[in-house]
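Hi everyone, thanks for making time this morning. I'd like to walk you through one chain, starting from the whole and ending with a few single residues.

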Amino acid sequence: MIDTAPDYALEAYGLQKTYAGTKSSPPKHALKGVDLKIPRGSIFGLLGPNGAGKSTFINIFAGLVNKSGGTGKIWGIDIDRQPRQARAAIGIVPQEINMDVFFTPYETLELMAGFYGVPKSERRTEEILEAVGLSDKRDAYVRMLSGGMKRRLLVAKALVHNPPVLVLDEPTAGVDIELRRQLWEYVVELNQAGTTIVLTTHYLEEAQELCDEIAIVNEGEVVACEPKEQLLKRLDRKTLVIEAVEPLTEIPEQFRDIAGTQVSIRGGALAITYKFGEVSVAELIERFRATGNRINDLRTEEPDLEDVFLSLTYGTAKGAA
Ligand SMILES: Nc1ncnc2c1ncn2[C@@H]1O[C@H](COP(=O)(O)OP(=O)(O)OP(=O)(O)O)[C@@H](O)[C@H]1O
């Protein structure tokens, strides 16, 4: 760890990556000049549809992909000028499970600590195994572990050198709900103890629950980067749901063609999505009264991260989210 803490855990300035083309495919501009600053101490979500460039971004910081242009810093250290020092400040949990299955979890972590040059007296192997719930498997062969246990071991491997920045690339893909919850509890604990967490995920709900800052990447560009609350406020739309005493089967005539609204029937209730400032709730209630039906219940729904995500990546998200 470095004593003076920088304002940003990760910084990217004009980061570019172009993968070379082949005979049958043109070069791919996976990152088109990304500027991104990840505040120290945050749980930062990096979201984007498949192929947006998230893994490319992370792998540049991991030293697995050579960037084509721009600058990157980890914990304030330039990844080109001081690559070793920069990488000592980051732990990366990769998407793929890549481990030697003939070692035990204990040996795996000891080897990794050796690789980072952590002196024996400073190793925290037992403590980390305990934290990820693998103490009782410390001497089992990795090949005997379940998929979920292997994934926890990957997290443990990324922590052996006590990095101030931990990056998790789609860590819960294919992981069951219980395990996901356990993993997140641990990640939140690490964050509370001061580790900056960077997370790429397709689970928007997960990002909405966990992250305090979110960047949305689309086609190699950052299309939004804001505190979560601010991002959620971007959509100036709400939905008013009116449950009627007499359940509805079709949209009443009073609700057809109101400018700036989308109206639908949901389980007998009327759902009106409207823009702030353009339509007043009082007017909508007035219109409902005019139908002759009575109101049983009323509620409004705020936009969620999925709505924001879709509005920002509209037309390009291919089955993501
Ligand atoms: N080694 C490579 N050679 C050529 N193109 C690549 C290579 N790696 C990635 N790409 C392309 O670069 C783009 C960005 O890929 P990347 O894996 O960074 O996206 P991603 O946002 O992480 O997607 P996913 O969520 O599916 O992992 C994609 O179009 C991908 O096909």
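Predicted model: local features only at pLDDT ≥ 70, side-chain atom pairs only at ≥ 80, totals over all residues.

Residues are numbered from 1 along each chain as its sequence is written.

Let's take the overall layout. The C-alpha atoms of the chain fill a box of roughly 80 × 45 × 45 Å along the principal axes. The domain assignment gives domain 1 as 8-89 + 163-229, domain 2 as 100-156 and domain 3 as 237-302; such bounds come from an automatic or database domain assignment. Between the centres of domain 2 and domain 3, taken over C-alpha atoms, there are 56 Å.

In secondary structure, the chain has ten helices and 14 strands. For those labels, helices (H or I, at least four residues) and strands (E, at least two) are DSSP runs, numbered from the N terminus.

How much of the chain is buried? Of its 321 residues, 33% are. The criterion is a neighbour count: a residue is buried if 20 or more other C-beta atoms lie within 10 Å of its own, exposed if 12 or fewer, and partly exposed in between, with C-beta atoms placed from the backbone.

For contacts, the rule is that two residues touch if their C-beta atoms, placed from the backbone, lie within 7 Å. Among contacts in the chain with a separation of 6 or more, 71% join residues 24 or more positions apart.

Now for the helix pair. Helix H3 (residues 105-115) packs with helix H5 (residues 147-159) at an angle of about 25 degrees, their axes 9 Å apart. Here the axes are lines fitted to C-alpha atoms, for helices over the stretch in contact, and angles run from 0 to 180 degrees between N-to-C directions. That angle makes H3 roughly parallel to H5, since angles under 35 degrees count as roughly parallel, over 145 as roughly antiparallel, 65 to 115 as roughly perpendicular and the rest as oblique.

Who makes the contact? On the H3 side we have Pro-105, Thr-108, Leu-109 and Met-112, and on the H5 side Leu-153, Ala-156 and Lys-157. By class, the residues of this contact are five nonpolar, one polar and one charged. The classes are simple: Ala, Val, Leu, Ile, Met, Phe, Trp, Tyr, Cys and Pro count as nonpolar, Asp, Glu, Lys and Arg as charged, and the others, Gly among them, as polar.

Pro-164 counts as buried because it has 20 C-beta neighbours inside 10 Å. Pro-83 is 81 residues from Pro-164 in sequence, and the two are 16 Å apart in space, C-alpha to C-alpha.

Helix H1 (residues 54-62) is mostly covered, with seven of its nine residues buried. Those are Lys-54, Ser-55, Thr-56, Phe-57, Ile-58, Ile-60 and Phe-61. Just after H1, Gly-63 takes a positive phi of about 80 degrees.

Speaking of phi, here are two non-glycine cases. Trp-75 has a positive phi of about 55 degrees, and Asp-257 has one of about 60 degrees. Trp-75 sits in the loop between strand E4 (69-74) and strand E5 (77-78), and with 23 C-beta neighbours inside 10 Å it counts as buried. Asp-257 lies in the loop between E11 and E12, and its 8 C-beta neighbours inside 10 Å make it exposed.

Ala-259 is also in the loop between strand E11 (237-244) and strand E12 (261-266). Is Ala-259 buried or exposed? It counts as exposed, because it has 8 C-beta neighbours inside 10 Å. Ala-259 and Glu-278 are 19 residues apart in sequence and 8.3 Å apart, C-alpha to C-alpha.

Last, two helix residues. Trp-184 belongs to helix H6 (residues 177-192) and counts as partly exposed, with 19 C-beta neighbours inside 10 Å. Arg-87, in helix H2 (residues 83-88), counts as partly exposed with 19 C-beta neighbours inside 10 Å. Thanks, and I'm happy to take questions!
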